[in-house]
Amino acid sequence: MTGIPSPAFPAGMRAALSLTFDVDAETGVLMVKPSGWNDAMAMTHQAFGPKVGVPRIMRILAEERVRGTFFVPGWTARRYPQLIASILEAGHEVGHHSDLHYPPPTMAPDEERRDFERALETLQAQGVDVVGHRAAWWQASWHTLDLLAEYRFQYDSSLMDDDRPYVLKVKGHRMAELPPHWSLDDWEQYGFLPDPNIGASIEPASKVFELWRSELDAQRKEGGLVVGTMHPFLSGRASRAEVVRQMIDHARACGDVWIAPLGEIATATLAHPDIPEREPDIPDLTLGPYLP
Ligand SMILES: [Zn+2]
């Protein structure tokens, strides 16, 4: 038995593959350890992303004629003022990814609002039509969803309670949710830095391709969505960047995989009347003795 493909997908397509790139750069270290600013190894390790990883990945996407979705923290955009222009010029999407990359659940609502609005202003000032969002560490708070509704975002890609696109309705505003998952993130596979410890993994690219390919093949049976999440400071390394090409080549060879940036999948999701619509599913604390 196979599942029915999401009605958001074009006719004949059994699964969708989206290639997304979170250009965290130095924020990935600075938010864990601000004094890491003085560690030239750690700073250059992260700077590899915008300096080498993004151009390399964009070259592969151009060769393969595929559009990607790049989530850029406001801080990264201010540090590398040509970065967003180069991504937009190549025809890719740019989305909101916080300002300083702090996880929203660790921030008070007014702090989160300041961070969110500063990132929005930075991206807009650099010419981005900001319609897409991914929370730092994917860790949206329930308050994040309110901000997305307030600013009329078209889609989010942070929540994990499905592996198909759905419509998230917050305070009357409809947006698409395009769920990611840790198993489809490169950080768990390649994240390594002695100090601060942002991970301790250096896995072969062949293993990562196998992990993601097997999920895509399973989703061709289930009819769902594969959101590949990569960080150019990790997946921009040569053998790892080839996984981008391998995933595209595999998806194309299947003949039934819709390769699209998140914005296109969001548009199709919002336009289709049969896509399930949900409201934020906040657990009821009165069910048990948990105290916030
Ligand atoms: Zn990130």
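The questions and answers below concern salt bridges.

Analyst: This is a predicted model, in which local features need pLDDT of at least 70, side-chain atom pairs count only at pLDDT 80 or more, and totals for chains, interfaces and linings use all residues. Residues are numbered from 1 along each chain as its sequence is written, and side-chain values use heavy atoms, with hydrogens and water left out.

User: How many salt bridges does the count come to?

Analyst: A salt bridge is a side-chain nitrogen of Lys or Arg within 4 Å of a carboxyl oxygen of Asp or Glu. By this rule, the count comes to 23.

User: Which residue forms a salt bridge with Arg134, and is Arg134 buried or exposed?

Analyst: The closest N and O atoms of the pair are 2.8 Å apart, and the partner is Asp22. Arg134 lies in the loop between β4 (132-133) and α6 (142-150), whereas Asp22 is in strand β1 (residues 15-22), 112 residues apart; helices (H or I, at least four residues) and strands (E, at least two) are DSSP runs, numbered from the N terminus. Buried means under 20% relative accessible area, exposed over 50%, and partly exposed in between (1.4 Å probe, protein chains only). Asp22 has 3% relative accessibility and is buried; Arg134, at 0%, is buried.
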